Amino acid sequence: MHRQDHAPTADLPSKPTPLIRLIDVDKSFGPQKVLDSFNLDIHPFETTVVLGPSGTGKSVMLKHIVGLLRPDRGEVRFDGRRIDLLNERELKSVRLQVGLLFQMGALFDSMTVQENLEFPMIEHTACTASERRDRATVALDMVDLSGVQDKLPSQLSGGQKKRVALARAIVLQPRVVLYDEPTTGLDPIRADGINELILKLKRKLRVTSVVVTHDLVSARKVADRVVMLLGGRVIADGTYDQLEKSADSHVQHFLRGQYNREEDTATESLSVAQKPPLSEAVQ
Ligand SMILES: Nc1ncnc2c1ncn2[C@@H]1O[C@H](COP(=O)(O)OP(=O)(O)OP(=O)(O)O)[C@@H](O)[C@H]1O
Ligand SMILES: [Mg+2]
(Lines give C-alpha, C1' and ligand atoms only; values in the text may rest on other atoms or scores of the structure.)
(Ligands and ions follow the chains in the order given, each with its own letter.)
Protein backbone atom coordinates (compact mmCIF):
# COMPACT_ATOMS: atom_id res chain seq x y z
CA MET A 1 0.00 0.00 0.00
CA HIS A 2 2.98 2.28 0.47
CA ARG A 3 3.84 4.15 -2.68
CA GLN A 4 7.22 5.56 -3.50
CA ASP A 5 7.00 7.27 -6.82
CA HIS A 6 9.94 8.14 -8.96
CA ALA A 7 10.07 10.24 -12.07
CA PRO A 8 8.97 8.13 -15.06
CA THR A 9 11.70 6.73 -17.25
CA ALA A 10 11.47 6.37 -21.01
CA ASP A 11 10.89 2.63 -21.11
CA LEU A 12 8.57 2.20 -18.12
CA PRO A 13 4.89 3.05 -18.29
CA SER A 14 4.36 5.15 -15.22
CA LYS A 15 2.15 7.57 -13.39
CA PRO A 16 2.34 11.23 -14.39
CA THR A 17 5.25 13.12 -12.89
CA PRO A 18 4.33 14.36 -9.41
CA LEU A 19 3.41 18.03 -9.27
CA ILE A 20 4.67 18.44 -5.71
CA ARG A 21 7.38 16.43 -4.00
CA LEU A 22 8.68 16.49 -0.45
CA ILE A 23 11.85 14.43 -0.44
CA ASP A 24 13.56 13.27 2.77
CA VAL A 25 12.41 16.37 4.62
CA ASP A 26 13.45 16.90 8.23
CA LYS A 27 11.89 19.76 10.22
CA SER A 28 12.40 20.46 13.91
CA PHE A 29 11.30 23.23 16.22
CA GLY A 30 13.86 23.33 19.01
CA PRO A 31 14.20 19.80 20.33
CA GLN A 32 10.99 18.63 18.71
CA LYS A 33 11.37 16.81 15.38
CA VAL A 34 8.10 17.23 13.52
CA LEU A 35 9.00 15.87 10.07
CA ASP A 36 11.49 13.02 9.99
CA SER A 37 12.80 11.91 6.59
CA PHE A 38 9.37 12.78 5.30
CA ASN A 39 8.50 11.74 1.74
CA LEU A 40 5.34 12.58 -0.14
CA ASP A 41 4.50 12.97 -3.83
CA ILE A 42 1.34 14.80 -4.86
CA HIS A 43 0.02 13.82 -8.27
CA PRO A 44 -1.60 16.28 -10.65
CA PHE A 45 -5.42 16.53 -10.74
CA GLU A 46 -5.79 14.17 -7.79
CA THR A 47 -7.28 15.02 -4.40
CA THR A 48 -4.91 13.78 -1.72
CA VAL A 49 -6.33 13.72 1.79
CA VAL A 50 -3.86 13.92 4.68
CA LEU A 51 -4.99 12.38 7.97
CA GLY A 52 -3.20 12.17 11.28
CA PRO A 53 -3.46 13.01 14.96
CA SER A 54 -3.30 16.60 16.15
CA GLY A 55 0.23 17.95 16.35
CA THR A 56 1.62 15.40 13.92
CA GLY A 57 2.84 17.99 11.41
CA LYS A 58 0.06 18.27 8.84
CA SER A 59 -0.04 22.07 8.81
CA VAL A 60 3.77 22.18 8.96
CA MET A 61 3.86 19.94 5.89
CA LEU A 62 1.43 22.22 3.98
CA LYS A 63 3.52 25.29 4.84
CA HIS A 64 6.57 23.67 3.22
CA ILE A 65 4.65 23.42 -0.05
CA VAL A 66 4.24 27.21 -0.24
CA GLY A 67 7.61 28.10 1.25
CA LEU A 68 6.17 29.48 4.51
CA LEU A 69 8.49 27.01 6.24
CA ARG A 70 11.77 25.60 4.99
CA PRO A 71 13.16 22.13 5.65
CA ASP A 72 16.22 21.63 7.84
CA ARG A 73 17.20 18.87 5.43
CA GLY A 74 15.75 17.48 2.21
CA GLU A 75 14.00 19.05 -0.76
CA VAL A 76 10.64 20.47 -1.74
CA ARG A 77 9.85 20.47 -5.44
CA PHE A 78 7.02 22.14 -7.29
CA ASP A 79 6.50 21.22 -10.93
CA GLY A 80 10.02 19.79 -11.08
CA ARG A 81 11.65 22.90 -9.64
CA ARG A 82 13.34 22.94 -6.28
CA ILE A 83 11.57 25.61 -4.22
CA ASP A 84 13.05 25.26 -0.75
CA LEU A 85 16.07 27.30 -1.82
CA LEU A 86 14.11 30.16 -3.42
CA ASN A 87 14.01 33.60 -1.87
CA GLU A 88 10.73 35.42 -1.11
CA ARG A 89 10.64 37.16 -4.49
CA GLU A 90 11.26 33.92 -6.40
CA LEU A 91 8.64 32.12 -4.31
CA LYS A 92 5.99 34.51 -5.55
CA SER A 93 5.58 32.65 -8.85
CA VAL A 94 4.98 29.41 -6.91
CA ARG A 95 2.52 31.03 -4.49
CA LEU A 96 0.54 32.41 -7.40
CA GLN A 97 -0.13 28.84 -8.48
CA VAL A 98 -1.22 27.64 -5.06
CA GLY A 99 -4.38 28.66 -3.23
CA LEU A 100 -4.17 28.04 0.49
CA LEU A 101 -7.23 27.76 2.69
CA PHE A 102 -5.81 28.38 6.15
CA GLN A 103 -6.87 26.31 9.11
CA MET A 104 -8.51 29.32 10.77
CA GLY A 105 -9.86 30.95 7.62
CA ALA A 106 -7.66 34.02 8.12
CA LEU A 107 -9.93 36.62 6.50
CA PHE A 108 -9.05 40.23 7.20
CA ASP A 109 -11.66 41.26 9.78
CA SER A 110 -11.58 44.96 8.95
CA MET A 111 -12.11 44.38 5.22
CA THR A 112 -15.37 43.58 3.48
CA VAL A 113 -15.76 40.32 1.59
CA GLN A 114 -15.14 42.20 -1.67
CA GLU A 115 -11.95 43.79 -0.30
CA ASN A 116 -10.77 40.43 1.04
CA LEU A 117 -11.21 38.92 -2.42
CA GLU A 118 -9.54 41.82 -4.19
CA PHE A 119 -6.52 41.78 -1.90
CA PRO A 120 -4.58 39.01 -3.71
CA MET A 121 -5.34 40.61 -7.06
CA ILE A 122 -4.04 44.00 -5.90
CA GLU A 123 -0.92 42.27 -4.52
CA HIS A 124 -0.18 39.98 -7.42
CA THR A 125 -1.84 41.20 -10.62
CA ALA A 126 -2.25 44.28 -12.77
CA CYS A 127 -6.03 43.80 -12.95
CA THR A 128 -8.15 46.94 -13.28
CA ALA A 129 -10.84 47.71 -10.70
CA SER A 130 -13.56 46.34 -12.97
CA GLU A 131 -11.58 43.17 -13.73
CA ARG A 132 -11.10 42.67 -10.00
CA ARG A 133 -14.83 43.07 -9.41
CA ASP A 134 -15.62 40.55 -12.15
CA ARG A 135 -13.12 37.99 -10.91
CA ALA A 136 -14.38 38.35 -7.34
CA THR A 137 -17.93 37.73 -8.55
CA VAL A 138 -16.84 34.62 -10.48
CA ALA A 139 -15.04 33.27 -7.41
CA LEU A 140 -18.04 33.91 -5.15
CA ASP A 141 -20.32 32.21 -7.71
CA MET A 142 -17.98 29.24 -7.71
CA VAL A 143 -18.47 28.81 -3.96
CA ASP A 144 -22.24 29.39 -4.29
CA LEU A 145 -22.31 32.70 -2.41
CA SER A 146 -24.03 35.86 -3.51
CA GLY A 147 -25.10 39.13 -1.92
CA VAL A 148 -22.33 39.13 0.68
CA GLN A 149 -19.78 41.37 -1.07
CA ASP A 150 -20.27 44.32 1.25
CA LYS A 151 -20.40 42.38 4.50
CA LEU A 152 -17.62 42.17 7.06
CA PRO A 153 -16.42 38.69 8.10
CA SER A 154 -17.97 39.24 11.56
CA GLN A 155 -21.38 39.44 9.88
CA LEU A 156 -21.03 35.99 8.29
CA SER A 157 -21.69 32.50 9.64
CA GLY A 158 -18.81 30.04 10.04
CA GLY A 159 -19.78 28.21 6.86
CA GLN A 160 -20.00 31.45 4.88
CA LYS A 161 -16.59 32.53 6.16
CA LYS A 162 -15.07 29.26 4.96
CA ARG A 163 -16.65 29.82 1.56
CA VAL A 164 -15.31 33.37 1.33
CA ALA A 165 -11.84 32.14 2.36
CA LEU A 166 -12.12 29.47 -0.31
CA ALA A 167 -13.24 32.04 -2.90
CA ARG A 168 -10.19 34.10 -1.99
CA ALA A 169 -7.94 31.03 -2.30
CA ILE A 170 -9.13 30.44 -5.88
CA VAL A 171 -9.48 34.01 -7.08
CA LEU A 172 -6.10 33.88 -8.85
CA GLN A 173 -7.10 30.62 -10.55
CA PRO A 174 -4.43 28.44 -8.94
CA ARG A 175 -3.34 25.00 -10.19
CA VAL A 176 -3.24 23.68 -6.64
CA VAL A 177 -5.54 24.24 -3.68
CA LEU A 178 -4.33 23.32 -0.19
CA TYR A 179 -7.12 22.96 2.36
CA ASP A 180 -6.21 22.95 6.05
CA GLU A 181 -9.17 21.43 7.90
CA PRO A 182 -11.83 22.97 5.68
CA THR A 183 -14.81 21.41 7.49
CA THR A 184 -13.70 21.78 11.11
CA GLY A 185 -16.25 23.60 13.23
CA LEU A 186 -19.07 23.26 10.72
CA ASP A 187 -22.29 21.30 11.21
CA PRO A 188 -22.56 18.15 9.05
CA ILE A 189 -24.71 19.85 6.42
CA ARG A 190 -22.40 22.86 6.02
CA ALA A 191 -19.42 20.50 6.09
CA ASP A 192 -20.95 18.49 3.28
CA GLY A 193 -21.42 21.73 1.35
CA ILE A 194 -17.65 22.30 1.59
CA ASN A 195 -17.01 18.71 0.46
CA GLU A 196 -19.19 19.34 -2.57
CA LEU A 197 -17.19 22.49 -3.31
CA ILE A 198 -13.90 20.59 -3.12
CA LEU A 199 -15.28 18.12 -5.67
CA LYS A 200 -16.65 20.93 -7.83
CA LEU A 201 -13.34 22.82 -7.92
CA LYS A 202 -11.58 19.65 -8.95
CA ARG A 203 -14.12 19.06 -11.72
CA LYS A 204 -14.50 22.61 -13.02
CA LEU A 205 -11.05 24.10 -12.45
CA ARG A 206 -9.13 20.80 -12.69
CA VAL A 207 -7.14 21.72 -9.61
CA THR A 208 -4.78 19.44 -7.75
CA SER A 209 -5.92 19.35 -4.13
CA VAL A 210 -4.37 18.49 -0.80
CA VAL A 211 -6.92 18.29 1.98
CA VAL A 212 -5.74 18.08 5.59
CA THR A 213 -8.61 16.93 7.75
CA HIS A 214 -9.77 15.05 10.85
CA ASP A 215 -13.17 14.62 9.27
CA LEU A 216 -13.41 11.02 8.08
CA VAL A 217 -16.74 11.57 6.33
CA SER A 218 -15.10 14.32 4.32
CA ALA A 219 -12.00 12.19 3.67
CA ARG A 220 -14.08 9.35 2.30
CA LYS A 221 -16.08 11.66 0.09
CA VAL A 222 -13.37 13.80 -1.50
CA ALA A 223 -10.24 11.62 -1.52
CA ASP A 224 -8.75 9.96 -4.55
CA ARG A 225 -5.94 8.99 -2.24
CA VAL A 226 -5.44 9.12 1.52
CA VAL A 227 -2.12 9.37 3.35
CA MET A 228 -1.76 9.08 7.10
CA LEU A 229 0.96 10.87 9.04
CA LEU A 230 2.42 9.65 12.30
CA GLY A 231 5.80 10.16 13.94
CA GLY A 232 6.94 12.59 11.26
CA ARG A 233 6.33 10.22 8.36
CA VAL A 234 3.69 8.82 6.07
CA ILE A 235 2.66 5.51 7.62
CA ALA A 236 -0.12 4.59 5.20
CA ASP A 237 -0.94 5.51 1.63
CA GLY A 238 -3.81 4.28 -0.52
CA THR A 239 -7.49 4.73 -1.23
CA TYR A 240 -9.83 5.23 1.72
CA ASP A 241 -11.10 1.67 1.27
CA GLN A 242 -7.55 0.34 1.31
CA LEU A 243 -6.79 2.21 4.53
CA GLU A 244 -9.92 0.81 6.14
CA LYS A 245 -8.65 -2.68 5.36
CA SER A 246 -5.15 -1.90 6.62
CA ALA A 247 -3.76 -4.25 9.24
CA ASP A 248 -1.75 -1.39 10.78
CA SER A 249 -3.03 -0.79 14.31
CA HIS A 250 -2.25 2.95 14.16
CA VAL A 251 -4.41 3.30 11.07
CA GLN A 252 -7.20 1.27 12.65
CA HIS A 253 -7.09 3.30 15.90
CA PHE A 254 -7.31 6.54 13.97
CA LEU A 255 -10.14 5.46 11.67
CA ARG A 256 -12.14 4.04 14.59
CA GLY A 257 -11.42 7.01 16.85
CA GLN A 258 -9.75 4.84 19.49
CA TYR A 259 -7.48 6.72 21.84
CA ASN A 260 -3.98 5.35 22.28
CA ARG A 261 -1.60 7.35 24.45
CA GLU A 262 1.46 6.17 22.51
CA GLU A 263 0.08 7.73 19.35
CA ASP A 264 -0.94 10.99 21.03
CA THR A 265 1.45 13.43 19.43
CA ALA A 266 -0.36 16.38 21.05
CA THR A 267 0.38 15.01 24.54
CA GLU A 268 3.90 14.17 23.46
CA SER A 269 4.57 17.69 22.21
CA LEU A 270 3.15 19.22 25.41
CA SER A 271 5.68 17.28 27.40
CA VAL A 272 8.54 19.03 25.62
CA ALA A 273 9.60 21.60 28.19
CA GLN A 274 9.77 25.29 27.25
CA LYS A 275 8.62 24.76 23.73
CA PRO A 276 8.75 28.11 21.90
CA PRO A 277 5.39 29.70 21.15
CA LEU A 278 4.02 29.44 17.63
CA SER A 279 5.75 32.16 15.69
CA GLU A 280 3.83 31.68 12.45
CA ALA A 281 1.04 34.09 11.72
CA VAL A 282 -1.02 31.19 10.42
CA GLN A 283 -1.73 27.96 12.19
N1 LIG B 1 6.33 27.87 14.00
C2 LIG B 1 6.40 26.93 14.93
N3 LIG B 1 7.22 27.04 15.98
C4 LIG B 1 7.32 26.07 16.91
N5 LIG B 1 6.62 24.92 16.89
C6 LIG B 1 5.78 24.74 15.86
C7 LIG B 1 5.62 25.72 14.83
N8 LIG B 1 4.71 25.27 13.93
C9 LIG B 1 4.33 24.06 14.39
N10 LIG B 1 4.95 23.74 15.53
C11 LIG B 1 4.80 22.50 16.29
O12 LIG B 1 4.90 21.42 15.39
C13 LIG B 1 3.97 20.39 15.70
C14 LIG B 1 3.11 20.08 14.50
O15 LIG B 1 2.28 21.19 14.28
P16 LIG B 1 1.16 21.21 13.17
O17 LIG B 1 0.51 22.55 13.27
O18 LIG B 1 1.73 20.85 11.85
O19 LIG B 1 0.20 20.06 13.65
P20 LIG B 1 -1.10 19.49 12.91
O21 LIG B 1 -0.83 18.08 12.52
O22 LIG B 1 -1.50 20.44 11.83
O23 LIG B 1 -2.15 19.51 14.12
P24 LIG B 1 -3.71 19.91 14.14
O25 LIG B 1 -4.43 18.70 13.62
O26 LIG B 1 -4.00 20.15 15.59
O27 LIG B 1 -3.89 21.13 13.30
C28 LIG B 1 3.18 20.90 16.91
O29 LIG B 1 3.70 20.32 18.08
C30 LIG B 1 3.42 22.38 16.91
O31 LIG B 1 3.36 22.92 18.18
MG1 LIG C 1 -3.02 21.78 11.62
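Which residues cover the two faces of strand 6? Val98 and Leu100 are buried on one side, and Gly99 and Leu101 are buried on the other. The views below start from the whole chain and then close in.

**View 1. The chain holds 10 helices and 10 strands.** This is a predicted model: local features need pLDDT of at least 70, side-chain atom pairs count only at pLDDT 80 or more, and totals for chains, interfaces and linings use all residues. Residues are numbered from 1 along each chain as its sequence is written, while chains are lettered from A and ligands numbered from 1 in the order in which they are written. Helices (H or I, at least four residues) and strands (E, at least two) are DSSP runs, numbered from the N terminus. Of the 283 residues in the chain, 36% are buried. Buried means that 20 or more other C-beta atoms lie within 10 Å of the residue's own; 12 or fewer means exposed, anything in between is partly exposed, and C-beta atoms are placed from the backbone. Among contacts with a separation of 6 or more, 67% join residues 24 or more positions apart. A contact needs two C-beta atoms, placed from the backbone, within 7 Å.

**View 2. Strand 6 pairs with strand 7.** The two run in the parallel sense over 4 bridges. Two strands pair if DSSP finds at least two bridges between them. Valine 98 faces valine 176 of strand 7.

**View 3. Helix 5 is mostly covered.** The helix spans residues 158-170, 13 residues in total. From first C-alpha to last it reaches 19 Å, close to the 18 Å expected. The expected span is 1.5 Å times one less than the number of residues.

**View 4. Helix 3 crosses helix 5.** Their axes come within 8 Å and cross at roughly 25 degrees. That makes helix 3 roughly parallel to helix 5. Val113, Asn116, Leu117 and Pro120 of helix 3 meet Val164, Ala167 and Arg168 of helix 5. The crossing is right-handed. Axes are lines fitted to C-alpha atoms, for helices over the stretch in contact, with angles from 0 to 180 degrees between N-to-C directions. Under 35 degrees counts as roughly parallel, over 145 as roughly antiparallel, 65 to 115 as roughly perpendicular, and the rest as oblique. Right-handed means the near helix is turned clockwise from the far one by less than a right angle; anticlockwise is left-handed.

**View 5. An open sheet of 4 strands runs in the order 2-1-4-5.** The pairing is antiparallel. Strand 2 (32-42) and strand 5 are the edges, each pairing on one side only. Strand 1 (residues 20-29) joins strand 4 (residues 73-78) through 5 bridges. Leucine 22 stands opposite valine 76, and isoleucine 20 has phenylalanine 78 as its bridge partner. Helix 1 (residues 58-65) lies across strands 1, 2 and 4, at about 125 degrees to strand 1.

**View 6. Strands 4 and 5 form a hairpin.** There are 2 residues between the strands. Aspartate 79 in the turn has a positive phi of about 50 degrees. Strand 5 covers residues 81-82 and pairs with strand 4 over 2 antiparallel bridges. Phenylalanine 78 stands opposite arginine 81.
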